[in-house]
Amino acid sequence: MALAGVTEPTPDGAGIRLAYEVHGAENDQTLLLIQGLGMQLTDWPAPLVSALASRYRVVLFDNRDAGLSFKTEVPADVAPVYVAHEMFEVPPEYSTYTLYDMAADALYLMDCLEAEQFHVLGFSMGGMIAQILAGGHPRRVLSLVSLMSSGGEAEILSTQAATEKMNQSARRFPAEKAVDLMVSGCEIYAGSQTVISGEAARHWAETAVRRSYCPEGIYRQGLALRATGSRQHVLESVTAPALIVHGNEDPCIHWSQGQRAHELIAGSEFWLVEGLGHDFPDGFVPRLTDRLACFLSGIQC
């Protein structure tokens, strides 16, 4: 049974409140999972969470501007700029926060849960946040898993179709239309090993929209990603054991950027998965679970 909650506002008066869930046994082996752009804690594959929770205290949460966590207020003079441009076209200086702020959010959650040390796994943008945590807090982060994420570059290498779909996700539509667009996105983000069930994809999209539909938050997260700039110096400072996982068919973040993370993080492992896109196909989840079991235990697979 998962423990669900919302953190108290941060003591600095910023009003940061994060929705979270804790799965698994209450022990000192905490594993923090950080989601990607616009994703919610409920988007993690249930079999993955269940398998990890058999050995770890697994913490899931909604990033700021996503799910049930707090939403950022936009200054009145900035709001018109958001409306006039695509997410990846707005000048970075219009962002009200960066990925470093999102990493501080995650660290605050760990403080609230009294996790002095923890493992961290981040997916996509969440991998970038996880990299910042590992590089900036070496005494607290026991290991890093960077999943389908980048190598600290200021720019992300995406296909045109994926870029258009991500921009589309940051625009507001009627709920039914939003669901249709999310379902069509499953095909764009998928690799050749993914078998898409239209029924399952629609159920996922409908559930996500019912829980929280905040395209404006996706927009602000995208701006934060761009405003952060190069993080390659952060990756070079990571000393924790690190596993870099990427699909060779990833349309959102080219696999070469995952390889670059491997090159920058001394002693890291790099697993390039054939036929994997920017998703979690059923056949990949058991393989990932097995690889994580080895890595997090310090066993050579």
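**From one side chain to its wider setting**

Guide: Met 110 lies in helix α3, which comprises residues 99-112. The model in view is a predicted one. Met 110 has a relative accessibility of 0%, and a residue under 20% is called buried, so Met 110 counts as buried. Leaving aside neighbours within four places in sequence, Met 110 is in contact with Thr 30, Leu 32, Val 59, Ala 115, Phe 118 and Arg 140.

The backbone nitrogen of Thr 72 is 2.9 Å from a polar atom of the Asp 65 side chain, and the side chain of Arg 220 makes a polar contact with that of Asp 65 at 2.8 Å. Beyond four places in sequence, the residues that Asp 65 touches include Phe 70, Lys 71, Tyr 97, Cys 214, Gly 217, Ile 218 and Gln 221.

Arg 220 itself is placed in helix α8, residues 215-228. With a relative accessible area of 8%, Arg 220 is therefore buried. Its contacts, again without residues up to four places away, include Asp 65, Lys 71, Thr 72, Val 74 and Tyr 82. Tyr 97 is touched by Asp 65 and also by Arg 220. Another arginine, Arg 64, lies over the face of Tyr 97, 4.6 Å from the ring centre.

Aromatic rings are the next topic. The structure holds three aromatic pairs. In one of them, the ring centres of Phe 123 and Phe 280 are 5.0 Å apart and the planes stand at 55°, so this pair is tilted. It links distant parts of the chain: Phe 123 is in strand β5 (residues 118-123), whereas Phe 280 is in the loop between β8 (269-273) and α11 (284-297), 157 residues apart. Phe 123 and Phe 280 are both buried. Trp 271 and Phe 284 form another tilted pair, with 5.8 Å from centre to centre and 40° between the planes. This pair also links distant parts of the chain, since Trp 271 is in strand β8 and Phe 284 in helix α11, 13 residues apart. Trp 271 has a relative accessible area of 11% and is therefore buried; Phe 284, at 0%, is buried too.

Helix α6 runs over residues 175-189, 15 residues in number, and reaches 21 Å from its first C-alpha to its last, close to the 21 Å expected at 1.5 Å a residue. Its buried residues are Ala 178, Val 179, Leu 181, Val 183, Gly 185 and Tyr 189. In general, an α-helix has 3.6 residues a turn, so residues three or four places apart point the same way. The cover over the buried residues of α6 includes α5 (160-169) and α7 (198-211).

Definitions and conventions. Residues numbered from 1 in each chain as written. Predicted model: local features only at pLDDT ≥ 70, side-chain atom pairs only at ≥ 80, totals over all residues. Heavy atoms only, no water. Helix = DSSP H or I, 4+ residues; strand = E, 2+ residues; numbered from the N terminus. Expected span 1.5 Å × (residues − 1). Buried < 20%, exposed > 50% of the residue type's maximum accessible area, 1.4 Å probe, protein only. Contact = heavy atoms within 4.5 Å. Polar contact = N/O pair within 3.5 Å; in protein donor to acceptor, adjacent residues only side chain to side chain. Phe/Tyr/Trp six-rings, centres within 6.5 Å; stacked < 30°, edge-to-face > 60°. Lys NZ or Arg CZ within 6 Å of the ring centre and 35° of its normal.
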